[in-house]
Amino acid sequence: MSEQHYESERVVAVTGVGGTVDLGADGTERPGKAPGGPGGPGGPGPRDRPRSLWSDAWRDLRRNPVFIVSGLVICFLVLISLWPSAIASGSPLACDLAKAQEGPRPGHPFGFDGQGCDVYTRTVHGARTSVTVGVLATLGVAVLGSVLGALAGFLGGVWDAVLSRITDVFFAIPVVLGGLVLLSVITSNTVWPVIGFIVLLGWPQISRIARGSVITVQQNDYVQAARALGASRTRLLLRHIAPNAVAPVIVVATIALGTYIALEATLSYLGVGLKPPSVSWGIDISAASPYVRNAPHALLWPSGALAVTVLAFIMLGDAVRDALDPKLR
Amino acid sequence: MGRYVVRRLVQMVPVFVGATLLIFLMVNVMGDPIAGLCGERRCDPATAARLRAEFGLDRPVWQQYLTYMGNVFTGDFGTAFNGQEVTELMATAFPVTLRLTLIAILFEIVVGVTLGVVTGLRRGRPVDTGVLLLTLVVISVPTFVTGLLLQLLLGVKWGWIRPSVSTEAPFAELILPGLVLASVSLAYVTRLTRTSIAENRRSDYVRTAIAKGLPRHRVVTRHLLRNSLIPVVTFIGADVGFLMGGAIVTERIFNIHGVGYQLYQGILRQNTQTVVGFVTVLVLVFLVANLVVDLLYAVLDPRIRYV
Amino acid sequence: MRGATHARWAVCAVAAALAATACGGGSGSGDAGAVLSASWGDPQNPLEPANTNEVQGGKVLDMIFRGLKRYDPETGEAENMLAERIETSDSQHYTVTVKDGWTFSNGEKVTARSFVDAWNYGASLRNNQRNAYFFGYIAGYDEVHPEDGGEQTADTLSGLEVVDDRTFTVTLSQKFSGFPDTLGYNAFAPLPRAFFDDHDAWLEKPVGNGPYLVDSYTRGAQMSLRAWNDYPGPDRARNGGVDLKVYTDSNTAYTDLLAGNLDLADDIPASQLKNVRSDLDGRYLNTPAGIIQTLAFPYYDEDWNRPGMEKVRKGLSMAIDREQITDTIFRGTRTPATDWTSPVLGEDGGFKAGLCGEACEHRPDEARRLVAEGGGLPGGRVTLTYNADTGSHREWVDAVCNSINNALDDERACTGNPVGTFADFRNRITQRKMSGPFRAGWQMDYPLVQNFLQPLYYTDASSNDGKWSDEEFDALVDRANRETDAARAVRLFQRAEEVVRDRMAAIPLWYQNGSAGWSERLSDVKLNPFSVPVYDQIKVG
């Protein structure tokens with residue numbers, strides 16, 4: 001099953017019509033401007049530049065409130081990942097057991113966790129880890145997966161058979177299980193083992209999509225034409241096929257980014273994810289979950305931050321998918 | 001069709017060998033399990049050496065793998081450290097997880113498809129928006145957070161259900177864990193059904209049916225639903241394999257003594273035999289489920305023919 | 001079974017509402033036939049007496065076996081159980097007389113041979129028994145269990161000899177005055193012939209001579225034990241039986257207890273302790289157990305063994321705010337340690353409060369000064385290694401580190417280093433891969449001060465994980481073991497303990513208590529000094 005099947009629906013139009021409060025006039029206007037309508041993006045554009053799938057998509061995205069909202073959330077996340085001290089000046093490692101599990105008070109809006117660390121500071125500083133894990137793991141998965149998948153689809157024959165079987169092998173290992181086995185022996189307290197693990201078991205998902213996409217694109221007339229004109233195989237793959245086959249990969253990768261962030265938290269919950277002194281939402285959720293009855297705030301804030309982050313990336317992926325989906329044009 | 005099945009079965013062999021070898025190597029990387037058997041003290045070297053020999057851990061990895069696989073084909077999955085046959089563990093664990101998976105699948109079908117149909121038919125209405133946002137939230141919140149919160153609220157605070165599952169794990173006690181396990185897939189099924197319904201609703205055959213003057217529910221059930229459910233059915237089919245292997249977190253939270261529990265215990269105790277044995281079966285389930293899904297596709301969609 | 005318990009509950013609830021007396025558990029009454037359910041963990045090794053070295057398997061053995069001695073559930077004192085008398089004149093040659101009238105639950109008589117056969121089985125290398133070293137004091141052990149990899153040259157211990165049906169003699173390879181008191185340990189239990197004749201069947205359903213019988217056993221899920229009606233001993237079960245249910249997570253067991261699905265949960269998780277009194281309305285117990293938690297050091301690592309490091313170790317010890325951690329994290333279920341033994345030994349048994357002195361007090365300034373004087377932490381950092389899979393270790397390790405960091409005024413000075421599995425943790429220890437202090441917990445095998453010192457700090461002892469070695473300490477322990485006068489032996493052990501203190505061989509953290517919570521159906525719940533519930537005394541209803 002490829003992720004492509006999951007949905008190709010416009011969350012966009014729906015949220016708009018649904019009247020999410022801040023959408024205002026744009027929201028009510030949307031149905032009339034629906035891309036499928038007459039004079040939509042299919043027709044000649046107002047500008048002279050040739051229209052590609054990408055420029056169309058970008059034009060679409062810019063007007064999509066879901067994209068704007070999730071984009072803003074992500075920008076904010078990236079900013080606080082780079083400069084967490086800008087909004088949380090304290091140190092996430094400064095803890096005073098005397099204040100353990102205490103509720104919010106001036107200067108400490110989210111209260112304290114079981115070790116007496118400031119929940120607000122830790123939540124802000126945790127963003128960096130999650131974003132790093134999400135972004136780097138996605139990059140790794142996307143690069144490895146699309147290279148192997150594209151090669152399988154492009155080379156065909158024995159290569160395809162071998163690569164596809166290898167893909168299946170990695171696909172067949174349950175992810176959480178693999179994480180427990182592989183990460184339980186790691187003692188490094190950096191983010192790298194977790195990223196490496198996600199790449200190791202995550203690439204088949206992208207690889208399958210890239211393969212399918214390359215096979216589809218290959219059958220297009222312009223590829224056949226280029227081939228007939230004697231283009232080299234490398235040129236064929238890099239110039240003609242890859243740029244047109246990359247859209248589904250990007251879509252799935254964006255959504256996967258969110259799930260990888262959640263996966264890091266799950267692994268940390270099972271005790272094999274990141275290790276102190278790393279500061280991560282997963283570590284904090286895991287540490288706070290037994291105390292939920294006494295200090296729910298210590299669980300809710302990092303969980304909330306995690307959920308919002310994952311949501312933002314999934315919604316972004318949704319929006320990008322819609323913009324790139326030719327069926328909806 | 002027959003030839004296609006045979007070809008697929010042949011392709012399954014290298015995948016099976018590869019996946020089991022991979023997990024074998026992974027578990028092996030974890031290192032020597034014997035040291036953990038002696039509590040907070042050093043195993044005396046003589047006993048440790050004998051235990052290693054007993055579990056075949058003193059031989060090179062490739063030899064261990066070959067011996068193990070050879071035994072598996074005769075139905076011998078080895079022995080756990082507490083002296084229990086792994087097949088015995090499987091006999092108690094798999095039925096439980098199967099029940100759990102069944103409930104999860106039921107949730108996906110009943111709730112997921114219903115919500116999907118309702119939202120698909122009412123696109124753009126508040127109910128659609130609400131459900132859609134809800135599915136996004138469900139997808140975003142990790143399972144262990146959902147599980148812990150529901151267990152706390154329903155099991156402890158309000159006392160509606162047992163917070164944990166008893167040894168026998170009857171269906172009634174598995175409802176909440178099944179829902180938690182199904183939650184993410186459920187959200188996907190909802191969205192998938194919704195899209196599919198919405199797309200097919202605009203198709204010619206539905207318009208024809210409506211034009212013929214057929215009653216609405218007949219159009220929906222006979223024409224629309226039947227065609228829209230093809231991708232949903234295949235998704236659910238493939239999900240079986242994932243659900244059975246992915247229940248580690250859910251089974252841990254609700255103390256369910258199923259496959260996930262045995263795997264977790266096996267990993268903590270570095271019990272190669274248990275882990276590899278269970279994963280071998282899971283890989284088989286996964287491969288067969290995938291094959292069945294592909295065949296199902298052909299059965300449901302007459303446009304596809306395998307040769 | 002489950003359904004029946006449920007139904008009775010419902011009836012009681014209704015009845016209680018109507019009459020308020022019907023089912024209330026007044027401690028005087030009790031239904032001797034009623035069965036209780038209790039939390040359990042899956043034993044890691046086969047349930048043979050000499051093969052069980054952790055609490056969960058120990059719970060079962062404690063119910064289905066009675067040995068020569070039994071430790072009093074309250075005082076921990078070793079008292080004769082099956083032994084009529086154990087006599088010696090030189091602390092090396094012992095004559096054991098077994099009481100008459102004891103049988104196994106299958107009817108077989110317990111004789112001198114039941115013990116000798118069991119001990120020979122436990123000691124023999126070819127049976128792979130994890131606790132074989134318990135028989136290491138008995139003459140001939142090296143022949144049946146050569147630890148250097150040599151061939152096993154004998155099947156039975158030459159130091160054991162059956163004299164008649166009820167008498168056997170034990171010859172030790174060295175003088176050990178405390179030997180009779182070690183005989184309450186599970187490894188020394190007698191075994192019936194059935195154990196040897198049909199071993200697999202015995203493992204499926206163990207047969208012993210204790211107050212309970214194994215009714216059914218589903219490995220990894222549940223063991224049902226029932227009171228043995230013909231039990232000849234004085235400590236007959238006061239309930240109809242116990243269903244031990246396997247829980248992976250003590251949190252789940254606790255939630256089940258609250259929801260009324262479980263009668264007895266021992267090992268209440270630290271995270272629930274804050275609520276336990278309000279949740280259980282007094283049905284909660286917190287008593288000292290023979291467990292001490294320490295931080296051990298890798299003495300094979302040059303960095304931790306160079307001169308001056310004892311100051312650093314002492315400094316680290318003084319940096320830890322034990323009081324606050326035991327209060328906040330453990331809610332009083334642990335007590336700050338002031339020596340290297342345990343309060344359950346009692347003053348006469350060798351426990352000496354305050355032996356550690358100021359080195360176990362929280363003095364941040366002094367700590368900083370000592371660490372600096374000793375040359376600082378190796379590389380300016382210290383990592384505390386622990387296994388993350390069992391117990392709530394992470395919480396206290398993080399707290400200890402924060403405490404050290406606050407004292408040394410460097411928030412990256414100390415970090416916890418979780419290791420995924422216990423097996424891996426043990427591997428790193430045995431392979432000498434530790435590069436800093438690590439978690440060392442010690443649960444006593446028998447309530448003797450010797451057991452808290454010799455296995456942990458004697459040169460090359462089985463649990464001397466840090467490979468600490470000190471001639472003065474070894475000499476004092478040797479002298480103490482030879483000493484026939486108990487009080488004098490204890491004083492010698494305490495002198496040895498002072499050597500441990502002066503060198504700060506390991507940092508004592510806290511004494512661990514046993515804790516348990518129970519449902520309204522139960523009364524007379526107690527924990528013995530090994531933190532195991534005294535099941536046979538529990539009354540139901």
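I began with chain C, which is divided into domain 1 (50–199) and domain 2 (287–513). I note that the model is a predicted one.

I then looked up how far apart the two domains lie. The C-alpha centres of domain 1 of chain C and domain 2 of chain C are 31 Å apart. I also checked where they meet: twelve residues of domain 1 of chain C are in contact with twelve residues of domain 2 of chain C. I sorted the domain 1 side of this meeting by class and got four nonpolar, six polar and two charged residues.

Next I turned to the interface with chain B. Here 47 residues of chain C are in contact with 44 residues of chain B. Which elements of chain C each supply at least two residues of the side that touches chain B? I found two strands and two helices: S10 (241–246) and S16 (438–443), together with H8 (250–258) and H16 (422–430). H16(C) gives the most to this side of chain C, with six residues. By class, the side of chain C that touches chain B holds 16 nonpolar, 19 polar and twelve charged residues.

Notes: Residues are numbered from 1 along each chain as its sequence is written. Chains are lettered from A and ligands numbered from 1 in the order in which they are written. This is a predicted model: local features need pLDDT of at least 70, side-chain atom pairs count only at pLDDT 80 or more; totals for chains, interfaces and linings use all residues. Two residues are in contact if their C-beta atoms, placed from the backbone, lie within 7 Å. Helices (H or I, at least four residues) and strands (E, at least two) are DSSP runs, numbered from the N terminus. Ala, Val, Leu, Ile, Met, Phe, Trp, Tyr, Cys and Pro count as nonpolar, Asp, Glu, Lys and Arg as charged, and the others, Gly among them, as polar. Domain bounds come from an automatic or database domain assignment.
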